[in-house]
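Here is a report on selected local geometry. Please look over the sequence and the model first.

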Amino acid sequence: MGMSEFYGARDEDESIATIHRAIDLGVTLLDTADAYGPFTNEELVGRAAAGLRDRVVLATKFGNERLPDGTRVGVNGRPEYVRSACDGSLRRLGTDHIDLYYQHRVDAETPIEETVGAMAELVRTGKVRHLGLSEAAPETIRRAHAVHPITALQTEWSLWTRDAESNGVLDTVRELGIGFVAYSPLGRGFLSGTIDGSERLAADDFRRHNPRFQGDNLASNLELVRQVQDIASEKGVTASQLALAWVLAQGDDVVPIPGTKRRSYLEENVAADGIELTADELRRIGEAWPAGAAAGDRYADMTPIHR
């Protein structure tokens, strides 16, 4: 996402080099969406994956409808839009099939059965291999899964966003055998410990409008990060690596997808896969940053979340 929008300056050459380095290091899942850019991130991923298609799982999303000029239209889950959005993604990605196709946000105006029914049609025609949902509520997940098997549920999960543990989402996907893809496992970079104020962010960085990065919320969250940094320092790893290792320790059915624009951070993130946390370390991390401790909502507008 950040390679094309939302996180300040962009460098396409470094972005493609980062994707190639990820594949060299054994990363197999590339996650994008038509809304990123909009549209340009899919094109970027398509160029980077050219000639390497058999080595990657391509995942993309539809539903956060935007115009080419960036205008946000709203959430769209209508069947006719599902079909046209998929065709657009296939063209931009330069592939004949999408491995994992997500509904990016649930459309409150369109029954989930109709949306997933259209997605299932894409599976039958070979355009899509597997289906996913993002930020869906437990009952929505169940209704969708009854129409066609849902392979993955993508929702924010990290030390500072643990809603899925208490709102029934995690229990639901585990009951149904659905994998959990944890986005923003580094708290949009906050858990790296490198952001101590909004002045660190570019003028067009969307985090400036995120409640967790503002005022008293920021100050409270920084204190929590410092405690995590202390534990990381004791273990001889970075705060980012500790945060990723914590997500990885939550179960074999949990796949974190940390985003980055640079090879240096990519290599740091991938190295977290080799970090083992003891039961005592997990306990200490949980005490340093307990569920619900983060101050502020994770989006300025939470209405599209967990529908």
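At what angle do the axes of α1 and helix α10 cross, and within what distance do they come? The model is predicted. In it, the two axes come within 9 Å and cross at roughly 25°. An angle under 35 degrees counts as roughly parallel, so α1 is roughly parallel to α10. The crossing of α1 and α10 is right-handed. On the α1 side, the contact involves E14, A17, T18, R21 and A22. On the α10 side, they meet R263, L266 and E267. Helix α10 spans residues 263-270.

**Aromatic pairs**

The structure holds 10 aromatic pairs. A ring pair is described by the distance of the centres and the angle of the planes. Take F6 and Y36. Their ring centres are 6.4 Å apart and their planes stand at 90°. Planes over 60 degrees apart count as edge-to-face, so that is the class of the F6 and Y36 pair. F6 sits in the segment before α1 (12-24), while Y36 sits in the loop between β1 (29-31) and α2 (40-49). The pair thus links distant parts of the chain, 30 residues apart. Both F6 and Y36 are buried.

W160 and F190 give a stacked pair. Here the distance is 4.9 Å centre to centre, with 10° between the planes. This pair also links distant parts of the chain, 30 residues apart. W160 lies in the loop between β7 (152-156) and α6 (163-166). F190 lies in the loop between β8 (179-183) and α8 (215-235). W160 counts as buried because its relative accessibility is 3%. F190 counts as buried because its value is 1%.

Which residues join F6 in a cluster of ring pairs? Y7, Y36 and F206 do.

**Charges over rings**

Where is the cis peptide bond? It runs from G37 to P38, with omega near -5°. P38 is found in the loop between β1 and α2. F39 is found in that loop too. Phi of F39 is near 75°, a positive value in a residue other than glycine. F39 is partly exposed, with a relative accessible area of 21%.

F6 also has a positive phi, of about 85°, although it is not a glycine. Its place is in the segment before α1. F6 has a relative accessible area of 14%. Buried means under 20%, so F6 is buried.

**Around α9**

How many residues of α9 are buried? The count is 9 of its 10 residues, and α9 is mostly covered. The buried residues are A239, S240, Q241, L242, A243, L244, A245, W246 and V247. Their cover includes α6, β8, α8, β9 (254-257), α10 and α11 (279-288).

T238 is in the loop between α8 and α9 (239-248). Is T238 buried or partly exposed? T238 is partly exposed, with a relative accessible area of 30%. Leaving aside neighbours within four places in sequence, T238 is in contact with A232 and E268. T238 and G193 are 45 residues apart in sequence. In space, their C-alpha atoms are 9.0 Å apart.

**T155 in β7**

T155 lies in strand β7. T155 is buried, with a relative accessible area of 1%. Which residues does T155 touch, not counting those up to four places away in sequence? The answer is E135, F180, V181, A182, Y183 and H306. V123 is 32 residues from T155 along the chain, and the C-alpha atoms of the two are separated by 22 Å.

Terms used:
Residues are numbered from 1 along each chain as its sequence is written. This is a predicted model: local features need pLDDT of at least 70, side-chain atom pairs count only at pLDDT 80 or more; totals for chains, interfaces and linings use all residues. Side-chain values use heavy atoms; hydrogens and water are left out. Rings of Phe, Tyr and Trp (its six-membered ring) pair if their centres lie within 6.5 Å; planes under 30 degrees apart count as stacked, over 60 as edge-to-face and the rest as tilted. Helices (H or I, at least four residues) and strands (E, at least two) are DSSP runs, numbered from the N terminus. Buried means under 20% relative accessible area, exposed over 50%, partly exposed in between (1.4 Å probe, protein chains only). Axes are lines fitted to C-alpha atoms, for helices over the stretch in contact, and angles run from 0 to 180 degrees between N-to-C directions. Angles under 35 degrees count as roughly parallel, over 145 as roughly antiparallel, 65 to 115 as roughly perpendicular and the rest as oblique. A crossing is left-handed if the near helix is turned anticlockwise from the far one by less than a right angle, and right-handed if clockwise. Contact means heavy atoms within 4.5 Å.
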